[in-house]
Amino acid sequence: MLRRGLSKNLSISSDSLAQSLNRGFSTETGRKLEGKVALITGAARGIGKATAAKFIDNGAKVVVADIDQHIGEETAKELGANAAFIACDVTNESDISNVVDFTISRHGKLDIMYNNAGVACNTPPSIVDLDLQVFDRVMGINVRGVVAGIKHSSRVMIPRRSGSILCTASVTGVMGGLAQHTYSVSKSAVIGVVKSMAAELSSYGIRINSISPFAVPTRFVLEEMSRLYPGVDASRLTEMVQNAGVLKGANCEPIDIANAALYLASDDAKYVSGHNLMVDGGFTSFKTFNFPAHAPDSVQ
Ligand SMILES: NC(=O)c1ccc[n+]([C@@H]2O[C@H](COP(=O)([O-])OP(=O)(O)OC[C@H]3O[C@@H](n4cnc5c(N)ncnc54)[C@H](O)[C@@H]3O)[C@@H](O)[C@H]2O)c1
């Protein structure tokens, strides 16, 4: 049956909807990662930082790995004694190998590897104008960097026959048209990488999953938006990003991705592997016809 837009038939205010949705959410911190050791790339800020804080609240020790030494060190200080920073450019395999070895020498093991570092691409919209050097650079960070992270974490997880590997993909890797080709392709590849690696790693009891967030107004997205809308202030750009969501009464925030990562990293997800967890408020699940509430007098 064809659906007509529901919004005109409902008179619930967005405030009361937000209140009723948020009532169900617990902000209590459990200890789901007690005794676990996690390594997170791109954890100096944004989604990675929120996840590092969430993991620490849940009993983990976290190694914050990032290319930005200054912010990375500040973040580790802010997160406290259970966080340590190490500089790492995920495009250098030796850096990735080094952060894994650092984690082992500091904590004796690696339970959770979260390959989260990623960049926007800032390329022209048409394939005809694509600069393949930029394409290679973005793939080097968003895909090769993830593969290197999986390779070196597997090196230390396989002998222990346990571990949970996470990767940040995106809604733009699931549907076309939401981002420039290069970024979209890189995130599609991450989802494919996870499925391919799950085939091997499951035989060692290691789980691997990806998370696909909707747009979150982190620095990454706000920089992209301000290139598209020069002169528009950050709060207006944030509002524009949030208004693009379909789930009324809630916005996609770094904590939502951190909560998804906590679930996938913990024993709550002990039988979940090869999965791409959408954190998109339903955005990629449906389209509507947007028929008007009442039929027009005549159809031209
Ligand atoms: N924000 C969103 O809307 C959104 C949506 C879907 C997916 N993602 C993905 O989430 C991940 C985190 O993004 P964010 O929104 O928190 O952005 P962010 O820019 O706030 O954080 C990205 C972090 O990655 C680090 N980084 C960049 N290049 C690196 C490299 N070569 N080596 C190591 N670290 C590097 C940056 O220094 C930064 O700390 C990315 O993979 C991004 O593609 C973001």
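1. Some ground rules come first. Residues are numbered from 1 along each chain, as its sequence is written. The model is predicted, so local features need pLDDT of at least 70 and side-chain atom pairs count only at pLDDT 80 or more, while totals for chains, interfaces and linings use all residues.

2. Let's begin with the sheet. Two strands pair if DSSP finds at least two bridges between them.

3. Strand β2 (residues 61-66) runs parallel to β3 (residues 83-87), and 5 bridges join them. Within this pair, V62 has A83 of β3 as its bridge partner. The chain gets from β2 to β3 through helix α3 (residues 69-79), in a right-handed β-α-β crossover. Right-handed means that, with the strands pointing away from the viewer, the path from the first strand over the helix to the second runs clockwise.

4. Strands β4 (residues 112-115) and β5 (residues 163-168) pair in the parallel sense over 4 bridges, and N115 stands opposite C167 in β5.

5. Next, a helix (a DSSP run of H or I, at least four residues). Helix α5 (residues 132-157) has 26 residues and spans 35 Å from first C-alpha to last, close to the 38 Å expected, which is 1.5 Å times one less than its number of residues. A kink of about 40 degrees is centred on G140; the bend is the angle between axes fitted to the seven residues ending there and the seven starting there.

6. Finally, which residues come nearest to the ligand? Of the 28 around it, they are G42, G46, G118, T218 and F220 (C-beta, placed from the backbone, within 6 Å).

How values were computed:
Helices (H or I, at least four residues) and strands (E, at least two) are DSSP runs, numbered from the N terminus.
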